[in-house]
Amino acid sequence: MDVSIFVETTFDDGETKRRNLGRLRRAPDEFGSENVGLLLDDAKTLLRRLQEAIVQDQVGEAIEARRKCDGCGKHRAIHDDRGRILDTLFGRIRVKWPRLRRCLCQPAGIAKAGPQSPFAGLFSDRATPELRRLQAELGAKHSFREAARLIEMFLPCSAQLNTTVRNRLGRIADELGHVDANQGDADTIAPPAPLTVFLDGAHIRCRPEYQKRHLDVVVGKVESPNMSRRFGLVQQAARSPAKQLRHDLIAQGWDGQSKVTVISDGEPALPNLVRRAVRGPVTHILDWWHISMRVKHIENAVRGLLQSKEFSGLPLLFERPADTLRWYLWHGKVMTAATILKVLQIDCDRLHAESRESREAAKRVRARCQDLYSYLANNFDALVDYGHRHRTGLAVSSSRAEGCVDDIGNTRMGKRRRMRWSPRGAHRVAVTRAAVLDGRLGVSKRAA
């Protein structure tokens with residue numbers, strides 16, 4: 001069986017051009033599981049030839065259309081017919097990239113300015129946007145070397161380098177920031193909607209020349225009633241972290257006046273970042289999960305105290321307050337919970353006559369109570385009636401941000417991957433990966 005593949009191009013002026021892309025031979029006596037249908041190598045060859053035919057015809061037609069002067073309608077002369085290498089998903093192609101002389105009908109100053117290229121600035125990096133987006137998308141999901149290998153394995157593009165993938169991902173990340181900056185100010189966005197910002201931090205390994213062990217990557221999610229948007233940034237590398245977050249808020253419908261609620265784990269830098277972004281006050285709510293875990297530590301310490309040998313104290317004196325502590329905090333009765341914590345600490349101090357094991361267990365209870373008391377005191381203004389918020393369908397936990405820590409930070413830049421990052425590199429990967437996860441960047445989104 002012989003298969004001949006042709007491509008026929010019909011231009012706007014009616015001219016038709018026909019090319020032979022290739023020929024496939026499948027002998028009957030060679031039929032087997034390894035040569036059924038179109039093979040990957042055959043597909044790569046055909047796609048490369050098809051891409052070259054389409055691009056050459058498309059560029060040639062575009063050149064003829066741009067040779068016509070807008071003023072007098074005459075064809076401008078070609079100054080030189082230089083070529084240029086263009087990287088595409090389906091091969092590296094050398095295309096004509098001429099410069100055209102300026103028409104004499106233009107003013108003298110402009111006409112003497114020299115030739116101009118009709119395609120100047122059309123392809124950054126001398127690559128198609130689709131290839132650059134795919135390199136950035138895979139570079140945000142896998143290591144740069146693995147991303148280059150995957151592209152080269154399945155597509156007939158030129159040989160891929162991990163440094164090229166890294167550099168193009170960085171430029172894509174910078175372009176994402178510029179696109180967000182050009183979206184407009186908050187006054188042009190409608191309709192307004194109350195927003196909730198979930199914040200958390202991821203710790204990744206830092207390169208040794210920066211003389212620190214870890215970098216802090218701020219990750220989170222901005223949610224409105226109908227939409228959500230992930231974000232990630234490294235404050236040391238971002239030009240303006242507050243401005244970047246402000247653009248994310250605007251993209252979600254924030255009008256500069258509507259209410260913004262921040263849910264975080266109590267780290268002061270996180271809500272302060274949102275305050276700088278909105279240029280005003282925000283409603284900060286302490287994450288319930290972190291409170292509940294500290295209460296759980298107290299419950300476990302009290303259980304260990306009651307199970308210690310030769311404990312002669314009253315079990316109800318410790319067990320009952322520990323069981324009701326979470327209820328008071330859940331319903332916003334902070335002062336009652338603080339009183340319980342102080343009473344537990346006083347009762348632990350009275351156990352100085354107990355056995356050594358009991359005294360050690362009492363010290364652990366007291367330490368856990370003091371930890372929770374300090375945590376609540378430092379975030380007193382961020383404590384609310386969590387039960388009421390939960391019953392009205394409002395968020396009480398930063399679990400959405402915890403998911404972003406896994407998706408943006410740990411999956412691509414986690415400590416177990418044995419990679420070390422510079423602040424700038426980590427920032428670019430975080431920005432790009434957030435865009436990929438949201439569907440704001442990617443070949444599949446553009447193709448749809």
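Begin by selecting Asp87 and Ser158 in this predicted model, where the side chain of Asp87 makes a polar contact with the side chain of Ser158 at 3.4 Å.

Is Asp87 buried or exposed? With a relative accessibility of 9%, Asp87 counts as buried, because the cut-off for that class is under 20%. To display its surroundings, select Arg92, Arg126, Ala127, Thr128, Leu131, Ser158 and Arg168, which are the residues in contact with Asp87 once its neighbours within four places in sequence are left aside.

Now move to the helices α13 and α14, selecting residues 399–413 for α13 and residues 423–438 for α14; the two pack with their axes 9 Å apart and at an angle of about 125°. That angle makes α13 oblique to α14, and the crossing of the two helices is right-handed.

Which residues make the contact between α13 and α14? On the α13 side, show Asp407, Ile408, Thr411, Arg412 and Met413, and on the α14 side, show Ala426, Val429, Ala430, Arg433, Ala434 and Leu437.

Notes: Residues numbered from 1 in each chain as written. Predicted model: local features only at pLDDT ≥ 70, side-chain atom pairs only at ≥ 80, totals over all residues. Heavy atoms only, no water. Axes fitted to C-alpha atoms, helices over the stretch in contact; angles between N-to-C directions. Helix = DSSP H or I, 4+ residues; strand = E, 2+ residues; numbered from the N terminus. Parallel < 35°, antiparallel > 145°, perpendicular 65-115°, else oblique. Left-handed = near helix turned anticlockwise from the far one by under 90°. Contact = heavy atoms within 4.5 Å. Buried < 20%, exposed > 50% of the residue type's maximum accessible area, 1.4 Å probe, protein only. Polar contact = N/O pair within 3.5 Å; in protein donor to acceptor, adjacent residues only side chain to side chain.
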